[in-house]
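Could we go through a few places in it together?

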Amino acid sequence: MGEALAKRREVLNDLATGMLATGPQQAVKQFLEYWLEDVYKLSARLTTYRNCRILVYKHIIPELGHIKLQNLTVQRVQSFYAKKLKDGTTASRVKNIHATLHTALEYARRIRLVSMNVCNDVQLPGREKPNRQFLTPEQAQLLLRKVQGHPLEGIVILALATGMREGEVLGLRWSDVDLDLGILRVNRTVTYVTGHGCVEGEPKTGTSKRGVMLPLMFVDVLKRHRLNQLEKRIAAGAAWVDRDLVFPGDHGDFLISDTLLRRFHRLLEQIGLPRIRFHDLRHSAATLLLSMGVQMKVIQELLGHSSINITADIYSHVLPPTHREAIDKMGNFLDRTLS
């Protein structure tokens, strides 16, 4: 009798404070499908939405979809994460799954389909050591020497000299580049989305939309690259797709990241360098600048990180004033290597 009275008081208190779930009973699968298509999709980028959709349908729904939304418990979610880890899912992927489920359940709480977000009390796996690779100064110099005259010369040197993200490089247009001033603007990024092709979008963060100064020697590289591109355009004739891209595919359209990676790996193999991702040129640029004594704050702004904490967290192990100083140092490095 006492337990029944206590439960009644708890329900009345929840009702009085607005904590009681008042929505209709529905399965997790039903709710996630509604949230994904009718709520999340409205404001998310296409690439972010697609990634979220994969997490929902590949990971969350198969394990939790059959459970009633209001019956989902902290223990059930915790067991779900533990099973994913045991089956070989990486800790970072589990954290992505958690972020998606947490966001969805937070919306369910706001519209009172559930009384609380059970994800708030779930224990997440520890932090993984990122698998980042960096070129040593000697390896970077070898790459710079060997890439001269290669079709990838411009795109490789730009990534290594400025630390721009792959999507930023692939989305760069000639209208973003001022060769007279030796500066370019990062205005967009390009991502390949299955079923949609290459999709242009805003840079990753607000600080990612930035100006990037170029070493003087690289301006000459870009001028040669533009002349070569003009010759290709004339040869292609009507087959050329004019998107004003600095680094297009063979016929002017977007260069697919997988195609770029295959060509980059072939180049590395020919040179005798370890196989790294194209994105690792960004990490290599940061580590080279740090080894030259460039301040962490300057590198944060050059890379377009939203916070210096992100830069410090990624590159603090490399530590052994202005943007112009940083670029001049990188320019001297390139000059010594390529002259």
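This is a predicted model: local features need pLDDT of at least 70, side-chain atom pairs count only at pLDDT 80 or more; totals for chains, interfaces and linings use all residues.

1. Let me start with Gly154, which sits in helix H7, residues 153–162. Its relative accessible area is 4%, and because the cut-off for buried is under 20%, Gly154 counts as buried.

2. Which residues does Gly154 touch, leaving aside those up to four places away in sequence? They are Phe218, Val221 and Phe247. Val246 is worth a look as well: Gly154 and Val246 are 92 residues apart in sequence, and their C-alpha atoms are 9.2 Å apart in space.

3. On to the largest pocket, which holds about 910 Å³ of space. Its lining is made up of 37 residues, and Arg165, Gly167, Thr189, Lys204 and His279 are the ones nearest the centre. Among the elements giving two or more residues to this lining are helix H3 (46–64), helix H8 (166–170) and strand S3 (189–193). By class, the lining of the largest pocket divides into 13 nonpolar, 14 polar and 10 charged residues.

4. The second largest pocket has a volume of about 770 Å³ and a lining of 14 residues. Nearest its centre lie Thr47, Asn51, Arg93, Asn96 and Lys204. At least two lining residues come from each of H3, helix H5 (91–110) and S3, with H3 giving the largest share, 5 residues. The classes here are 3 nonpolar, 8 polar and 3 charged.

5. Finally, please have a look at Lys204, which is listed nearest the centre for the largest pocket and also for the second largest pocket.

Note on methods: Residues are numbered from 1 along each chain as its sequence is written. Side-chain values use heavy atoms; hydrogens and water are left out. Helices (H or I, at least four residues) and strands (E, at least two) are DSSP runs, numbered from the N terminus. Buried means under 20% relative accessible area, exposed over 50%, partly exposed in between (1.4 Å probe, protein chains only). Contact means heavy atoms within 4.5 Å. On a 1 Å grid over the protein atoms alone, a cavity is a set of points where a 1.4 Å probe fits but cannot get out, and a pocket is an open set with protein on both sides within 12 Å along at least five of seven lines; lining residues have an atom within 4 Å of a point. Grid points are joined across faces, edges and corners, and a volume is the space filled by probe spheres set on the points. Ala, Val, Leu, Ile, Met, Phe, Trp, Tyr, Cys and Pro count as nonpolar, Asp, Glu, Lys and Arg as charged, and the others, Gly among them, as polar.
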